[in-house]
Each structure stands twice: as structure tokens, then as C-alpha cells.
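Here is a short briefing on one protein chain. Look at the model first, then read the points by topic.

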Amino acid sequence: MPVISIVTPLYNKADYIGETIRSVQAQTVADWEMLVVDNGSTDGGAHVARACSDPRVHVLTSPRQGPGAARNYGIRLAQGEWIQFLDADDWLAPDQLERQLTVAAQHPEAMIVAGGWQEVRETAPGNITRQRPAGQDEGLAGLRDAAFAFPPWAVHAAIVRRAILTEAYLWPEELDRFSNEDAVFWFRLVMAYPTAFSPAAGAFYRMQTPTARNQLDDPAKRLREFDLAAEYNRQWLTERGQQPTAGQAAALMRAYSSVYEAAIRADDPETARAALARAEQWLTAYFAVAPQPDWPMRLRRWLGLPRFLRYRRFWPA
């Protein structure tokens with residue numbers, strides 16, 4: 001049994017999948033298996049993957065299309081103690097798995113080990129932005145608050161113990177046509193299981209490739225995706241007799257505020273109005289449950305969100 005299984009959904013990434021596989025083969029940890037799960041590629045990507053002669057690399061065909069469906073198919077066939085998700089256009093530094101597994105050994109209670117990642121834009125490959133996982137400085141409460149609205153880290157910046165990926169905690173395949181299914185997937189896991197943080201930052205995230213699903217410049221699409229994540233994550237809490245915390249309400253208020261600002265810049269008044277209404281709704285929800293509202297939130301309520309956001313550079317958010 002390998003210590004870790006790398007699960008890679010593949011859809012029309014023929015130009016990248018070879019580099020992704022080579023980054024796994026270069027790992028300083030050799031006890032791994034890689035499951036490349038093709039889900040309908042038409043560009044020859046599966047052929048590129050099958051050309052790899054490494055017996056640890058297995059190319060499978062998912063019976064259903066979509067990244068979540070492909071990941072779930074790989075999870076069900078994986079043999080490793082740990083699961084590393086890795087999209088077909090991303091890659092890992094050679095010591096990434098070793099560093100993550102070292103932290104896992106140091107924290108046997110942890111079911112998730114999360115570290116940083118580095119964003120690389122396809123149009124400017126030399127311009128790399130380092131990112132940190134949510135909660136690394138703020139602790140468990142900060143992680144669970146942030147994850148209510150946003151994915152807390154890039155999909156390949158964390159490893160997950162396979163034993164916890166039961167049917168209730170698999171990827172939500174019904175969200176496969178959207179690009180924020182990871183916001184729902186990770187929220188459920190971090191709410192239910194302990195996380196340890198790693199200093200590793202060798203997960204490289206390639207952004208804005210020709211077939212990328214995350215349209216950062218489309219405010220209307222971002223609004224729909226925040227709506228879905230909010231609906232699913234709130235329902236998950238409700239089913240367990242819980243309600244969003246003040247921190248979770250604040251996180252979603254900030255998420256909708258960011259969409260409002262993006263819509264203003266894009267001259268999309270309809271999306272701006274809708275995003276502002278939702279941000280104001282979650283600001284109200286924050287004050288309904290916050291025992292001691294902090295002063296930036298009080299300032300938002302006093303000035304109103306549009307004015308606060310217009311002058312936000314003068315105070316912390």
C-alpha cells in the first residue's frame with residue numbers, strides 16, 4: 001500500500017499533463033501512486049499520460065464527466081493512506097510530499113495537512129505570488145470562518161487522510177459545472193476534522209490557462225458561485241443544528257463586497273446591486289450574532305458599505 005495517492009482529474013490539458021506527472025516522479029518520497037482520471041478529454045491528454053511508463057502512474061477513465069466526479073472516482077480506487085489532489089495543469093516542488101508527510105507524522109491527530117502555494121500566471125510565468133492557507137495565523141476558528149465563503153487553500157496545497165473521505169465528504173459532483181466546488185468540499189472537512197499546518201509552499205498553481213474554469217474577471221459568475229457556496233455551506237450547518245458564526249457572516253460579507261467592487265469596475269450595475277444586497281444581508285447577520293462587534297464592522301454599518309468600500313484604504317478591512 002503506498003503512503004500517498006495523487007489524484008489528478010484530466011480534461012483537455014495535453015499541453016500540461018506531462019509536466020504535472022514529471023513533478024510527481026521527481027518527489028523525494030518514492031512511495032506513491034498517481035491516478036490520472038480522464039473525464040472526456042478530446043485533445044489527446046490521456047494519450048500523453050499513458051505514454052508514461054512508470055508503473056506507479058495509472059490512467060483511468062471516469063464514467064462521469066466533471067472534476068469532482070473524476071476526483072471521487074480516483075478516491076474510491078486509491079490505496080494510499082493520504083490523498084493529494086493535483087490538477088492536470090499544476091505541479092509540485094520535489095520536496096512537497098515529503099514536507100507535508102513530515103508534518104502529518106508530527107501531528108497524528110490531524111486528518112488534513114495544509115500549506116502554502118504559489119500562483120503562476122500563464123501570461124507572466126516569471127511573476128509568482130506566494131499565498132498562505134486560511135487559519136495558519138488565526139487558528140481553527142479563523143480557518144472555519146474563512147472556509148464558509150472561500151476555499152481555504154489551493155486544491156493541491158493540502159493532503160487529506162483517505163479514511164475520512166467517506167460518501168458524506170466526497171466532492172459535490174452536482175457543482176461540477178461551477179469552479180468553486182472546492183469551497184463546499186473543504187468547508188465540510190475543516191468543520192468536521194482537525195487540520196495541521198505545514199511550512200511547505202511547493203504547490204504551484206497555474207492560473208488563467210486557456211481551459212481554466214476560474215473566471216476571475218466575470219463578476220456575475222463569481223456572484224452565482226458565492227451564492228451556491230453560501231447555500232450549500234449554510235444548509236450543511238442547518239442540518240447539524242448550527243448557524244453561521246459572526247466570523248463566517250463577516251467572511252461572506254467580504255466575499256460579496258469584493259464582487260460588488262468588481263461589478264462597479266466592470267460597469268455591471270445589475271450584478272453590483274445584487275452583490276451589495278447580499279453583502280448588506282450578511283452584515284446584518286454578523287451584528288445579529290456578534291457578541292462584541294469590532295470597529296471596522298461598526299464603521300461599515302455607520303457609513304454604509306458603498307461609502308466604506310470607497311474609502312477602505314484608510315482603515316483595515
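Buried means under 20% relative accessible area, exposed over 50%, and partly exposed in between, with a 1.4 Å probe and protein chains only. This is a predicted model: local features need pLDDT of at least 70, side-chain atom pairs count only at pLDDT 80 or more, and totals for chains, interfaces and linings use all residues. Residues are numbered from 1 along each chain as its sequence is written, and side-chain values use heavy atoms, leaving out hydrogens and water.

**Helix H8**
- Helices (H or I, at least four residues) and strands (E, at least two) are DSSP runs, numbered from the N terminus.
- Helix H8 covers residues 246–265.
- At 1.5 Å times one less than its number of residues, H8 should span 28 Å; its end C-alpha atoms are 29 Å apart, which agrees.
- H8 is mostly covered, with 15 of its 20 residues buried.

**Whole chain**
- The chain holds 11 helices and 11 strands.
- Its C-alpha atoms fill a box of roughly 65 × 45 × 35 Å along the principal axes.
- The radius of gyration, over C-alpha atoms, is compared with 2.2 Å times the number of residues to the power 0.38.
- For 317 residues, a compact globule would come near 20 Å; the chain has 20 Å, which agrees.

**Packing and surface**
- Of the 317 residues, 56% count as buried.
- Contact means heavy atoms within 4.5 Å. Among contacts between residues at least 6 apart in sequence, 76% join residues at least 24 apart.
- The chain exposes about 14,300 Å² (Shrake-Rupley method, 1.4 Å probe), and carbon and sulfur atoms supply 51% of it.
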